[in-house]
Amino acid sequence: MLNPVHLRTLVEVVKAGSFAGAARRLGYTSSAVSQQISAFERAVGVTLFEREAHSIRPTGAALLIADRGGELLAALDGFEHEVKAMVQGVRGRLRLGTFPTASSRVVPKALAKLSAERPDAEIRLDEAEPDDVLPLVLTGELDLALVYAYDLVPRTWPQELTVLPLLDEFLLVMVQAGHPAARNDVRLEDLAAERWIASRDGTSGATCLTRLCAAAGFAPKIAFRSNDYEVVQSLVAAGVGVALVPALGYRALPGTHAMPLRHRPLRRHVHVVHRTANANPLLRDAVNALREVCRNAVGGHITAP
């Protein structure tokens, strides 16, 4: 049987790239790390690192074991926590991932509701974009996550995940108050000559803007980029450009005007995802709390499916 201590040491050595680096992370000596790796190699019957005078190189076997071992260690950590929670009378732990606009508009009220219903639960929150949180859900480091997909940037979800719709939000064109396009029947073609403010290159929001403008017959002149919608709106209010933002990201700042595109209405779809095999009893309560908050958010440019 493989020793989980040795497996954790292997994972840390692969991450750190050296025995000394792993020793610092784990609180061991370099000699202890080397001895554990040697014992692991004897247990599995294969060389895990090519040792040179001043460096080591992981073999293919080491990389494979470390990759799969990370999942096993996450599961073991979760199991150990559940056992401790049972012994101590704690009702459980939930690890939630979310993206910034949902963090401010949806998650706080949902967590308040969940905390009121499960006061002894430990809830951890991680914030990142969908491409960053999805792998953490798959490995078990997160129990569930809020993610999104744009109409013009479709996503496919891993088969291991259960994907539940939470809300749909229209994409809004935002211009400075008093701009000639500040009217409810604005056409995208009317903004072809404008400077645009977009999210970081390669993000779904930036890709959606590029595809939307291409369908209207022009390439947007992107002058500024920011993933912070507060910054985007401040730039629009200052009159340095126009922007396309999801409804959750719009705060109606003074000096701005926002409206959906009547001729090309587009939406961003928000989902909550979790591993189908995840048996955490807090999952159902968390999903119910998120759904209730989203139902109450219906109105304006946001709707619950």
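## Close-up views of a predicted model

**View 1. A salt bridge between the side chains of R155 and D131.** In this predicted model, the side chains of R155 and D131 meet in a salt bridge, with 3.0 Å from N to O. The pair links distant parts of the chain, since R155 belongs to the loop between β5 (144–150) and β6 (161–176) while D131 belongs to helix α7, the two residues being 24 apart. R155 counts as partly exposed at 22% relative accessibility, whereas D131, at 54%, counts as exposed.

**View 2. A salt bridge between E292 and K113, and the network around this pair.** The closest N and O atoms of E292 and K113 are 3.1 Å apart. Because E292 lies in helix α10 (residues 282–296) and K113 in helix α6 (residues 107–117), the pair ties together parts that are 179 residues apart in sequence.

**View 3. A salt bridge between E122 and R124.** Here the closest N and O atoms lie 2.8 Å apart. E122 is partly exposed at 29% relative accessibility, and R124 is likewise partly exposed, with a relative accessible area of 42%. Across the model as a whole, the count comes to 15 salt bridges.

**View 4. The largest pocket and the residues that line it.** The space in this pocket is about 560 Å³, and its lining is made up of 22 residues, of which K15, G70, A74, T139 and E141 lie nearest the centre. Two or more lining residues come from each of α1 (4–16), α4 (60–88), β3 (93–98), β4 (122–127) and α7 (130–139), and the largest share, seven residues, is given by α4. Sorted by class, the lining holds eleven charged, eight nonpolar and three polar residues.

**View 5. The largest nonpolar core, seen around L146.** This core has 61 residues, and the members that touch the most others are L144 and L146. With neighbours within four places in sequence left aside, L146 is in contact with L96, G97, T98, F99, A102, V106, V107, L166, H271, V272 and L290. Apart from this core lies another one, of 16 residues, including V13, I37, I56 and L73.

Terms used: Residues numbered from 1 in each chain as written. Predicted model: local features only at pLDDT ≥ 70, side-chain atom pairs only at ≥ 80, totals over all residues. Heavy atoms only, no water. Core = buried A, V, L, I, M, F, W, Y, C linked by side-chain atoms within 4.5 Å. Buried < 20%, exposed > 50% of the residue type's maximum accessible area, 1.4 Å probe, protein only. Contact = heavy atoms within 4.5 Å. 1 Å grid on protein atoms, 1.4 Å probe; cavity = no way out; pocket = protein on both sides within 12 Å on 5 of 7 lines; lining within 4 Å. Points joined across faces, edges and corners; volume = space filled by probe spheres on them. Helix = DSSP H or I, 4+ residues; strand = E, 2+ residues; numbered from the N terminus. Nonpolar A, V, L, I, M, F, W, Y, C, P; charged D, E, K, R; others polar. Salt bridge = Lys/Arg side-chain N within 4 Å of Asp/Glu carboxyl O.
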